[in-house]
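Some questions follow on how terms were assigned in this structure. Each answer sets a value against its definition.

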Amino acid sequence: MDRLPRAFQNPGQWCWFNALLQALASISDPRWWSLLNFAKDSASSGHKDVLTFLAPVLQHLNREDAAFPSPAEECGMSSISGEQQDAHEAFIKLLESIHSSLCRRQLRSFQQLQAFSVARPCLLGREGLLSWCEATQAIQCFEDLFEGVLEETRVCTACGLARVESCPSKQAFRCLSLDLINIDRPHFSSVNLLSLLKASYSGQPTEEIDGLLCYRCSLEASIRRFLLDCGASFSAGLAFRRFMRLADGLAPSGAEVLEALRPLGAPPCVLRRRSHLRSFRIKVAPRILTFHMRRLIFGPFGFIKVSNPVRYAEILHADDLGLDGGLYSLSSVMSHLGQAHAGHFITHRVWPKGTPLVEERSVPLCTPSGKVVPWFRMDSSLRILRVLWHRDVGCRLFGKSRQTSKVWVCTNDDDVSEVPAWQALNLPAAYLFFYERCESAAR
């Protein structure tokens with residue numbers, strides 16, 4: 001019997017943390033594990049943070065470390081072992097803690113650089129430069145793995161002016177949330193994950209927002225006011241000519257800048273608030289795409305859990321998400337069993353069948369031509385075809401890959417068992433999805 005991943009016991013209301021650890025351990029991207037190894041190797045400096053504790057725990061779960069790590073209570077998590085938390089919120093908090101710890105490492109390494117000298121004016125060759133470069137590369141690696149950028153478009157319903165906002169500092173995301181409730185379908189009907197993504201993040205209008213300032217409507221209303229007052233005020237005539245040039249050639253900006261461009265003594269600008277249709281699309285996708293199902297809605301007596309089952313595929317095509325060519329493969333699914341105020345979290349994750357992960361170098365995700373062959377939904381009755389396919393077809397992934405012929409396992413706290421693929425791909429209470437980009441299939 002093949003070895004299965006390790007698991008931790010539940011000392012209290014800690015099922016959400018055990019499930020989250022298994023989901024993070026299922027990520028096979030070498031950048032993620034190099035990031036953890038970087039934190040583990042730099043722990044000798046005496047600085048302890050969340051990455052220092054997380055790296056040996058995840059390696060222990062994947063049986064990559066023969067030595068048993070410190071107990072979970074000693075890994076900086078003892079204060080929350082008795083608290084029940086939402087897995088999605090805990091995941092966002094954990095990513096924020098990882099990013100903060102990487103930024104602190106970069107700051108400490110920068111402070112260790114030697115002071116400026118005339119003999120060595122540049123940074124090249126200074127002591128501590130290597131650690132600073134490694135910390136900077138670790139931050140970039142984290143952003144490539146978990147941070148994406150959305151493109152937000154707001155269209156005025158009165159004049160049709162569209163404003164596009166895609167600034168990474170404002171539109172960055174680490175997990176995409178999807179609504180399960182829609183007035184166009186029955187309350188308890190099943191929903192499709194790809195349909196939810198297309199409806200929410202494909203550029204289609206998702207909601208109407210009232211009371212937003214419109215640049216074009218405000219500009220036209222201000223021009224009309226200056227035109228009426230230009231006969232009695234020289235400043236109004238100057239403002240009229242200036243705003244006419246804005247309407248003719250300059251790119252649209254925020255309506256707030258009109259007041260700053262108004263000449264001294266001219267009548268105040270007229271700011272118009274209109275309804276806008278807002279839409280989102282994924283502009284830059286991270287290597288690890290995480291989707292969160294909003295299963296809580298507010299009812300007349302408090303929160304109510306939405307129990308609609310979600311249909312999802314093992315392989316997502318980037319073209320279906322409006323992205324460049326590529327594929328995303330499902331690595332783990334977290335499920336919530338129970339009601340809105342109480343329940344239990346479990347994780348179904350991918351596990352390589354055979355030898356330990358660290359010794360494997362190839363993964364049969366696609367044919368030599370680059371075409372991905374998704375697992376057939378009834379593969380339990382076609383085991384001989386699956387064995388032949390895994391034996392004869394395959395291609396190399398980047399670097400030291402971490403998957404061979406994969407199987408699905410269910411981790412319920414310290415209870416770990418192998419499950420058929422059709423069961424892992426048809427979970428009725430799926431809550432969090434972790435998809436990982438397949439580099440070789442994208443080439």
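Q: Where is E147 found, and what makes that a loop position?
A: E147 is found between α5 (129-146) and β1 (148-156), in the loop that joins them. Helices (H or I, at least four residues) and strands (E, at least two) are DSSP runs, numbered from the N terminus. This is a predicted model, in which local features need pLDDT of at least 70, side-chain atom pairs count only at pLDDT 80 or more, and totals for chains, interfaces and linings use all residues. Residues are numbered from 1 along each chain as its sequence is written, and side-chain values use heavy atoms, with hydrogens and water left out.

Q: What makes E147 and R174 a polar contact?
A: Their side chains are joined at 2.6 Å. The definition asks for a pair of N or O atoms within 3.5 Å; within protein, one must be able to donate a hydrogen and the other to accept it, and residues adjacent in sequence count only if both atoms are side-chain atoms.

Q: Which residues does E147 touch, not counting residues up to four places away in sequence?
A: E147 touches H99, F142, F173, R174 and P286, where contact means heavy atoms within 4.5 Å.

Q: Why is C15 called buried?
A: C15 has a relative accessible area of 3%. Buried means under 20% relative accessible area, exposed over 50%, partly exposed in between (1.4 Å probe, protein chains only), so C15 is buried.

Q: How do you know that C214 is in no disulfide?
A: A disulfide is a pair of cysteine sulfur atoms within 2.5 Å. The nearest cysteine sulfur to that of C214 belongs to C159 and is 3.4 Å away. By this rule the count comes to 0 disulfides. C214 also counts as buried, at 1% relative accessibility.

Q: Why are α1 and α3 called roughly perpendicular?
A: Their axes cross at roughly 80° and come within 9 Å. Axes are lines fitted to C-alpha atoms, for helices over the stretch in contact, and angles run from 0 to 180 degrees between N-to-C directions. Angles under 35 degrees count as roughly parallel, over 145 as roughly antiparallel, 65 to 115 as roughly perpendicular and the rest as oblique, so α1 and α3 are roughly perpendicular. L21, Q22, L24 and A25 in α1 meet L54, V57, L58 and L61 in α3.

Q: What makes a set of residues a nonpolar core, and which members of the largest touch the most others?
A: A nonpolar core is a set of buried Ala, Val, Leu, Ile, Met, Phe, Trp, Tyr and Cys residues joined through side-chain atoms within 4.5 Å. The largest has 46 residues, of which L24, W32, L58, I98, L102 and M334 touch the most other members. α1 gives the most to this core, with 9 residues.
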